[in-house]
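Work through the exercises below with the sequence and the model side by side, and try each task before reading its solution.

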Amino acid sequence: SPQLSQANQAAVPVIISLVPRARNAWSTGIGFTTDTGPRVRAAYENRYINTIGHHLNSDLALSPVRSQINVGYVIPLSDPVKESVSIGTGYVTESTDTFDSDRFKIETAYRRESDSGWLETYSIDFLRDDFTIDLQQDIVTLTMLGFSLSKTQADDLIFPSKGWHLFGQVRGASDAIVSDTTFVQFYGSAKGIINFGPGRFLGKLE
């Protein structure tokens, strides 16, 4: 609310009144895609379960081909904006002309943003996939450790005209630790935006 009567040259004092968002939020939708056919989606979010900011989110999606349910719980730590622990679980069932799959997962992650703006994520994921391909059935179990690092720099986070984003991740599993196979995976991506005449030029390396 601008206090125009107290304006001093180019400076106008303002009064800002804040109210908390509603604790519970619901959303739903319907749609259709050529891959999955008709689909229905519903989501529920509890934005603050208690006075220290615990957060719950869940979503459900149903279709003839692919259906899933996910539940996540976020616990803020000493600096709620920059540090948190999340725990989640989910189940996905998928049936196509070539394969059937039932996948269950449990995941936990610790996220921390450094003073320089880098977001660090340490994660442990457990995955169990029961699938059938060409009448051959198999079950794969993986326990994956992961670490990722990312940072975004931009002149405007809503509609930037110049800026960049970097993301790098390494994760892996060992057949010695509740896994059926051993692997290490590296992934990285870089995005950049610069002014280009009346528009913008976007580049991406992955």
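**Exercise 1.** Determine how many nonpolar, polar and charged residues are found in the lining of the second largest pocket.

*Solution.* In this predicted model, the second largest pocket holds about 160 Å³ of space, and 13 residues line it, with T36, R39, A61, S63 and R66 lying nearest its centre. The elements that each give two or more residues to this lining are strand 1 (24-33), strand 2 (37-46), strand 3 (55-62) and strand 4. Sorted by class, the lining of the second largest pocket comprises four nonpolar, six polar and three charged residues.

**Exercise 2.** Find which strand gives the most residues to the lining of the largest pocket.

*Solution.* Begin with the pocket itself, which has about 290 Å³ of space and a lining of 21 residues, where E107, A109, R111, S123 and D125 lie nearest the centre. Next, list the elements that give two or more residues to the lining, among them strand 4 (66-76), strand 6 (99-113) and strand 8 (136-154). Strand 8 gives the most, with five residues. By class, the lining of the largest pocket has seven nonpolar, 10 polar and four charged residues.

**Exercise 3.** Decide whether V178 counts as buried or exposed.

*Solution.* The cut-off for exposed is over 50% relative accessible area. V178 has 56% relative accessibility, and therefore counts as exposed.

Conventions:
Residues numbered from 1 in each chain as written. Predicted model: local features only at pLDDT ≥ 70, side-chain atom pairs only at ≥ 80, totals over all residues. Heavy atoms only, no water. 1 Å grid on protein atoms, 1.4 Å probe; cavity = no way out; pocket = protein on both sides within 12 Å on 5 of 7 lines; lining within 4 Å. Points joined across faces, edges and corners; volume = space filled by probe spheres on them. Helix = DSSP H or I, 4+ residues; strand = E, 2+ residues; numbered from the N terminus. Nonpolar A, V, L, I, M, F, W, Y, C, P; charged D, E, K, R; others polar. Buried < 20%, exposed > 50% of the residue type's maximum accessible area, 1.4 Å probe, protein only.
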